[in-house]
Amino acid sequence: MSSLLVDNIGELVTNGAGEGPLGIRRNAAVLVEEGRVAWVGPSAYAPAADRRVDAGGAAVLPGFVDSHAHLVFAGDRAAEFAARMAGQPYTGGGIRTTVGATRAATDDELRATVRRLRGEALRQGTTTIEIKSGYGLTVADEARSLRIAGETSTETTFLGAHVVPAEYADRPDDYVGLVCGPMLAAAAPYAKWIDVFCERGAFDVDHARAILACGQAAGLGVRVHANQLGPGPGVQLGVELGAASVDHCTHLSDADVAALVGTAHSDGSGTRTVATLLPGAEFSTRSPYPDARRLLDAGVTVALATDCNPGSSYTSSMPFCVALAVREMRMTPAEAVWAATAGGARALRRDDIGVLTPGARADLVVLDAPSYLHLAYRPGVPLIRKVLLNGVPQ
Ligand SMILES: [Zn+2]
C-alpha cells in the first residue's frame with residue numbers, strides 16, 4: 001500500500017475538528033493512503049510515508065467542490081457578453097444560440113470542451129465538479145451530453161428542462177411530455193440528478209414540478225435553478241420535493257427563506273436543502289448579488305459554485321467566486337471557503353469530499369499563500385500551487 005505525506009502545513013483547513021468554523025490546525029500534516037486521508041495531526045509527529053510533499057509552511061485546504069456547472073456545449077457567446085456590458089439586459093434567451101451550436105457539434109468536439117474546462121477548473125483547485133446537460137434538448141443530444149459528462153464526473157445532472165427549444169415554442173406541454181418520457185428514459189442511465197430552470201421565460205411551476213417528479217420516480221435526485229431573474233416559486237418547489245440544492249436564490253421572499261429554514265437538521269448541522277449561490281452569474285450579467293447574509297443569519301446552509309456556462313457566467317474559477325462572495329455578498333472569508341468546499345459537498349449530498357478528516361477522499365489543494373484568507377485578499381492571482389486528486393498529485 002503506497003502512502004504519501006503532506007507535511008509542514010502552516011495552516012490546514014479541515015472543515016472538521018479544529019479551530020473555528022473551518023476546523024483549522026497549525027503546523028499540521030496529512031497522511032494519505034489508497035487515495036484517502038488516513039491521519040491528520042501535528043507535522044512534528046507525522047508517521048513515515050513512501051512519498052512526501054513539503055507544503056513549506058503554506059496553507060492547505062480541501063479541494064473546491066463546484067456543485068453547479070454547464071460544461072457540455074459548443075461555441076461561445078463573447079459578443080453577447082460585450083453587448084450586455086454595453087447595456088443590453090440578460091433574459092436567458094441566448095441559451096438557444098448555444099443549443100444550435102451544441103446540436104451541430106461532434107461528440108469529440110463536445111468531449112474536448114468538457115476536458116478543457118475540467119482541466120482549467122482543476123488547475124484552480126476544483127477537485128469535484130457537477131456537470132449538467134441542457135444544451136442538446138433532443139432525446140439523442142441530451143443522452144450524449146450526459147454520456148460525455150459522465151466520462152469526467154460522477155456528478156451528472158439531466159437538465160432537459162433548461163429552456164423550451166425553438167421547435168416546441170408554441171407547444172410547451174408537448175415538450176414537457178418529451179422530457180418526462182423518452183428523453184428522461186434515454187438520459188437517466190447517465191444521470192445522478194435532475195434539474196429544471198424554473199423561471200419566467202423557461203418553465204413554470206406546474207411544468208417544473210411534473211418534470212422533477214418524473215426524474216425522482218426514475219431514481220434521480222432533485223436540484224432546481226430557482227429565483228435567479230426575479231421572485232418565483234422555484235425555491236419553495238425545491239423544498240417541497242426535498243431538493244438537495246436550490247441554486248441562484250437571488251430574489252427571495254421571507255417565505256422562501258422560511259421554507260429553507262424548515263429543512264434544518266435536528267442536530268444543528270444546517271439545512272437539508274442547500275442554497276447554492278452563483279455570484280459569477282451576477283458578475284457576468286451585471287445584476288444585484290444574492291443576499292447571502294440573510295440566508296446565513298437564518299441558519300440556511302450555503303454553497304458557492306461557478307455556474308460555468310458560455311452565456312451568463314463563463315468562469316471555471318472557484319477562487320474568483322470566493323472573492324466575489326466576500327467582497328460583494330459580505331460573506332466572511334471563512335464562510336466563503338466553507339461554502340466552496342464543505343458547502344458544495346452538502347449540495348451534492350456527499351460527506352466524503354469537502355473535508356480533510358480521516359476517511360475522506362484525499363482531494364486537497366496546497367496554496368501559494370500562508371492562509372486561506374489570501375483567496376479573497378488576492379483576487380485574480382493564481383494561488384493554487386499543487387492539487388492532489390484522490391491522493392494523486394496532478
Ligand atoms: Zn446554471
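## Pairing and the parallel sheet

Two strands count as paired if DSSP finds at least two bridges between them. In this predicted model, Ala275 has Val302 in S14 as its bridge partner. Strand S13, residues 274-277, pairs with S14 in the parallel sense over 3 bridges.

These two strands belong to an open sheet of 7 strands, ordered S8-S9-S10-S11-S12-S13-S14, with parallel pairing. Its edges are strand S8 (131-132) and strand S14 (302-304), each of which pairs on one side only. Helix H11, residues 318-329, lies across S13 and S14 and runs at about 130° to S14.

On one pairing, strand S9 (residues 156-161) runs parallel to S10 and is joined to S10 by 3 bridges. Here Phe158 has Ile194 in S10 as its bridge partner. On another pairing, S10 and strand S11 (residues 221-226) run parallel and are joined by 6 bridges. Cys198 stands opposite Ala226 in S11. From S10 the chain passes through helix H6 (residues 205-217) to S11, again in a β-α-β crossover that is right-handed.

## Leu71, a buried loop residue

Leu71 sits in the loop between strand S6 (64-66) and helix H1 (78-85). Is this residue buried or exposed? Leu71 counts as buried because its relative accessibility is 1%, and the cut-off for buried is under 20%.

Apart from neighbours within four places in sequence, Leu71 is in contact with Thr113, Val114, Leu117, Ile129, Ile131, Lys132 and Cys308. Pro89 is 18 residues from Leu71 along the chain, and the C-alpha atoms of the two are separated by 23 Å.

## Thr341 in helix H12

Thr341 is placed in helix H12, which spans residues 333-347. With a relative accessible area of 0%, Thr341 is also classed as buried. Which residues does Thr341 touch, not counting those up to four places away in sequence? They are Asn15, Pro62, Gly63, Phe64, Val65 and Gly354.

Terms used. Residues are numbered from 1 along each chain as its sequence is written. This is a predicted model: local features need pLDDT of at least 70, side-chain atom pairs count only at pLDDT 80 or more; totals for chains, interfaces and linings use all residues. Side-chain values use heavy atoms; hydrogens and water are left out. Helices (H or I, at least four residues) and strands (E, at least two) are DSSP runs, numbered from the N terminus. Contact means heavy atoms within 4.5 Å. Axes are lines fitted to C-alpha atoms, for helices over the stretch in contact, and angles run from 0 to 180 degrees between N-to-C directions. Buried means under 20% relative accessible area, exposed over 50%, partly exposed in between (1.4 Å probe, protein chains only). A crossover is right-handed if, with the strands pointing away from the viewer, the path from the first strand over the helix to the second runs clockwise.
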